[in-house]
Amino acid sequence: MLVVGSVALDHVETPFGSVEEAPGGSAIYFAAAASVLTSVQVVGVVGTDYPRGKLAFLAEQGVDLTGVETADGESFRWKGRYSYDLNERDTIWTRLGVFAQFRPRIPDHFRDSRSVFLGNIDPQLQLDVLKQVRRPRLTACDTMNFWIERSREALLTILARVDILLVNDSEARQLAGEPNLLKAARWIQARGPEWVVVKKGEHGAILFGKDSVFFVPGYPLEQVLDPTGAGDAFAGGFLGCLDWTGGTSEDDFRRAMVYGSALGSFAVEAFGVDRLIGLEPDAVVERIRQFRDMTAFELEMHVPPDG
Ligand code: AMP
């Protein structure tokens with residue numbers, strides 16, 4: 001499957017430590033997670049200063065990086081700082097560098113990809129990507145408040161063209177101009193995507209289908225070190241699972257939600273992408289089993305006594 005998004009060098013501070021110049025960006029977190037389940041092709045841009053060796057782990061996981069072009073200039077860099085409970089994040093600075101001029105060029109051998117994930121970039125560029133691919137079976141996109149405020153028209157055009165939108169809860173409300181999440185999801189679906197996935201951080205995620213709602217919890221972890229990239233790792237697990245199984249039924253989408261939550265939970269256990277490097281499929285399968293145990297219950301209906 002194909003992913004287009006940012007390829008970054010991240011600087012992150014949490015109450016539990018910090019990292020500098022760590023490989024990050026939406027495309028990298030997505031690819032690291034999805035490559036546990038399926039084969040992944042990345043399109044993005046880095047500057048001449050990017051230490052390409054830091055992406056070698058992805059190549060070792062079978063990721064095709066030939067679509068990551070090197071442009072003259074500095075790589076995209078971002079610094080974020082988290083609050084004590086890790087639920088709030090401030091962007092300290094963003095240095096766009098070569099990312100400001102990014103015009104995705106899809107290599108010919110990527111144009112027949114079965115599935116496409118449009119990471120959080122300018123919706124106009126997301127549209128350009130869709131024009132370059134042939135007939136993907138499944139298309140999905142992510143976005144953020146910045147684009148909802150500044151590029152609403154282009155965003156609505158892209159919504160009409162994708163099968164799935166993944167957003168967090170505040171973005172869904174903002175996009176729809178609707179405080180109720182169920183109504184917000186239905187508003188989004190009426191504009192195109194058959195499926196809407198609303199991510200709620202440590203509280204899990206909700207899948208809205210045509211006439212259905214499915215909820216997956218966040219995996220309870222005793223130690224969360226760095227929430228950066230959890231949303232993209234969720235998207236990688238979710239779409240990686242759909243690409244790998246090839247299924248399009250409600251059951252396939254529900255299973256994919258659990259894979260999304262599992263991969264998101266691995267991402268936050270260590271700084272940067274560290275926990276996703278060389279992640280064993282067995283560890284993922286074990287976590288999926290735990291999800292099933294955590295959410296299974298016997299259905300026994302209470303019958304009120306007569307009178
Ligand atoms: P998430 O935690 O899912 O929001 O993703 C964080 C990742 O997004 C980090 O690795 C950043 O490098 C990347 N990022 C931050 N700001 C932007 C931006 N404006 N455009 C694209 N990627 C960004």
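**First stop: strand β2**

Select H11, which sits in strand β2; strands here are DSSP runs of E with at least two residues, helices are runs of H or I with at least four residues, and both are numbered from the N terminus. Before going further, note that this is a predicted model, in which local features need pLDDT of at least 70, side-chain atom pairs count only at pLDDT 80 or more, and totals for chains, interfaces and linings use all residues. Residues are numbered from 1 along each chain as its sequence is written, and side-chain values use heavy atoms, with hydrogens and water left out.

Is H11 buried or exposed? H11 counts as buried, at 10% relative accessibility. Here buried means under 20% relative accessible area, exposed means over 50%, and partly exposed is in between, using a 1.4 Å probe and protein chains only.

Now show what surrounds H11. Setting aside residues up to four places away in sequence, H11 touches V19, E20, E21, W78, K79, G80 and W93, where contact means heavy atoms within 4.5 Å. Pick the C-alpha atoms of H11 and W78: they are 6.1 Å apart, although 67 residues separate the two along the chain.

Next, find the side chains of H11 and E21, which make a polar contact at 2.8 Å. A polar contact is a pair of N or O atoms within 3.5 Å; within protein, one must be able to donate a hydrogen and the other to accept it, and residues adjacent in sequence count only if both atoms are side-chain atoms.

Stay with E21, in strand β3 (residues 17–24). Its phi is near 55°, a positive value in a residue other than glycine. E21 is partly exposed, with a relative accessible area of 25%.

**Further along β2: T14**

Move to T14, also placed in strand β2. T14 is buried, with a relative accessible area of 10%. Which backbone atom does the side chain of T14 reach? Look for the backbone oxygen of L225, at 3.2 Å. Neighbours within four places in sequence aside, T14 is in contact with Y82, L86, L225, D226 and F271.

From that list, select L86, in the loop between β6 and β7 (89–95). L86 has a phi near 70°, again positive in a residue other than glycine, and at 12% relative accessibility it counts as buried.

**The ligand**

Select the ligand and show what lies around it: 15 residues form its surroundings, and the closest are S6, D10, G25, R89 and G229.

- An N or O atom in the side chain of S6 is 2.9 Å from a nitrogen atom of the ligand.
- A backbone N or O atom of G25 is 2.7 Å from an oxygen atom of the ligand.
- A polar side-chain atom of R89 is 2.8 Å from an oxygen atom of the ligand.

The ligand taken alone exposes 500 Å², and the protein buries 80% of that.

**Helix α1**

Now select α1 (residues 26–34): nine of its nine residues are buried, so the helix is largely enclosed by the rest of the structure. Among these buried residues are Y29 and F30.

**The nonpolar cores**

In soluble globular proteins, nonpolar side chains tend to be buried together. A nonpolar core is a set of buried Ala, Val, Leu, Ile, Met, Phe, Trp, Tyr and Cys residues joined through side-chain atoms within 4.5 Å. The largest one has 58 residues, and I164, L166, F238 and L239 touch the most other members. Helix α9 (residues 250–267) gives the most to this core, with nine residues. Another core, of 40 residues, lies apart from it and includes V45, Y82, I121 and V133.

**Last stop: Q132**

Finish at Q132 in helix α3 (residues 123–132). Q132 counts as buried at 17% relative accessibility, and its side chain reaches the backbone nitrogen of I106 at 2.9 Å. Beyond residues up to four places away in sequence, Q132 touches P104, R105, I106 and R111.

Definitions and conventions: Near = heavy atom within 4 Å. Areas by Shrake-Rupley, 256 points an atom, 1.4 Å probe, with all protein chains shown as cover.
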